[in-house]
Amino acid sequence: MSARNPDAFVGCLLGTAVGDSLGLPYEGLSARRAGKLFPDTTKHHLLLGRGMVSDDTEHACFTSQAVIRSKGDVDAFQRELARSLRWWMLGLPAGVGFATLRSIIKLWFGISPKKSGVFSAGNGPSMRSPILGVAFGRDHETLKQYVKASTEITHSDPKACYAALAVAAASLDVVGANDEWQGEFRETLEKLMPEPDAREFHELVEKARLSAGNNESVAQFAGTIGSKNGISGYSYHTVPCVLQVLFRHGNDFETGLQDIIQAGGDTDTAGAIYGGIVGARAGKQVIPDAWLDGIIEWPRTVSWIERLGVMLAKTLDEPTGKIEVPVCSVPGLLLRNLVFLLTVLAHGLRRLLPPY
C-alpha cells in the first residue's frame, strides 16, 4: 500500500477549523440580518477581527486522536472517542448540541458508547466524518464501521449515520466536481448506503445535483428542501446543502464557503463540513493564508492541528510503530474555554444592537 498523503489530513483538519471559525459569528442569523451585521464574509468577525473554533473543530480533533490511539481497532476507537467527549464536557464548552449533551451525560452514568446515542439526526456525526473519509478512503466496509462507531456514541437515528457517510464519501481524494466526479460519488453512496433504507437521502442528493446544475444559490436550494431560514442543524438539511455547494463550486474553497455563510443558519457547522471536505480533496494550499492566520487559538493552535494531521497520516501508514498523540494542556484548555464563553456572550450582546 502506498503511503498516505499527509496534505489531505492536514487540509481536512485546517479546512474544518477555517470553515468553523469564519461561520461561527453568523450562526443562527438569518441571511438578511447577517448581511446587515457582518457584510464582509471574507474576514473573521468573532473577536476584534480574529476567529476562534467551536465544537465542530474540537470533535474533528478528538476523532483524529481516537484513530491514532486505537491502532486499527474500531471498538477501541469508539471507546477512545467516547472518553474524549466525556472529559471534554467537564471543560464546560460553549454551544454544545442538545443531543450530544444528553449522550455524554449517559456516558458519565456508565452507559456503553454503543447505547449512549439519543434519537436525533443532528450534525454531530457529520462534523466528525470528513477526517474518517480521508483516513479510510475506499475501504467501504472499514469506513462504514468507523462512521457507525462515531455516530452511535451521540446519535441513534439512522439518518445521522447516512448523512455522516455521505460526508465521508465526499472527502475521498478525488479532483473537481464535474459530471464524472458526481457520478462516481453517487456510485459510492449506493455502495455505502443501499436503497431502500436511505432512499430519502439519495433523493436529496439528486435534488442537490439538479439545483447545482441550475446554478441556484444554496439559500434557494435550502428553501426547496424545507430549510427556509438558512441552513438548519438537521443533517438532512445541512449535508445536502453542503453537497449542493460542492457540486457547484468544486474545490473553490473561498467561493463555496462564502456561499454557505451568506445563506445563514447553522453556518459554523455547515462551513466546517464543507471546509473539511474541500481541504481533504485539495489540501492546505487552497485555504487562504489570511483565514488561517486570523484564527486565534491556544493551546489547540493552527500549528498543533497541522501536527495532528501529519501524525494521523503517519500512524495509519505505520500502525505498529510508536504512537505519538498530540495533546493539549488541561489548564490551558480550561482557560481557553472561559475566554471563548465570554467572547460568545459578548458577541451575542452585539447582535442585539443596530444595524437592523
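**Nonpolar cores, a buried loop serine and a surface patch**

In this predicted model, Phe-185 contacts Ala-166, Ala-169, Ala-170, Val-205, Leu-243 and Phe-247, leaving aside residues up to four places away in sequence. Phe-185 belongs to the largest nonpolar core, which comprises 99 residues. Phe-185 is among the residues with the most contacts inside this core, together with Val-18, Phe-201 and Leu-243. The greatest contribution to the core comes from helix α9, spanning residues 158-170, with 10 residues. A second core is separate and has five residues, including Leu-24, Leu-46, Met-52 and Ala-94. In soluble globular proteins, nonpolar side chains tend to be buried together.

Ser-171 is found in the loop between α9 and α10, the latter covering residues 179-192. The relative accessibility of Ser-171 is 1%, so this residue counts as buried, the cut-off being under 20%. Thr-267 lies 96 residues from Ser-171 along the chain, and their C-alpha atoms are separated by 19 Å.

The surface carries a nonpolar patch formed by Trp-298, Leu-335, Leu-338, Val-339, Leu-341, Leu-342 and Leu-345. Together these residues have about 670 Å² of accessible area. One of them, Leu-338, lies in helix α18, which runs over residues 330-350. Leu-338 has a relative accessible area of 46% and is therefore partly exposed, as exposed requires over 50% and buried under 20%.

Technical notes:
Residues numbered from 1 in each chain as written. Predicted model: local features only at pLDDT ≥ 70, side-chain atom pairs only at ≥ 80, totals over all residues. Heavy atoms only, no water. Core = buried A, V, L, I, M, F, W, Y, C linked by side-chain atoms within 4.5 Å. Buried < 20%, exposed > 50% of the residue type's maximum accessible area, 1.4 Å probe, protein only. Helix = DSSP H or I, 4+ residues; strand = E, 2+ residues; numbered from the N terminus. Contact = heavy atoms within 4.5 Å. Patch = residues over 30% accessible without salt bridge, like charges linked within 9 Å, V, L, I, M, F, W, Y side chains within 5 Å. Areas by Shrake-Rupley, 256 points an atom, 1.4 Å probe, with all protein chains shown as cover. Salt bridge = Lys/Arg side-chain N within 4 Å of Asp/Glu carboxyl O.
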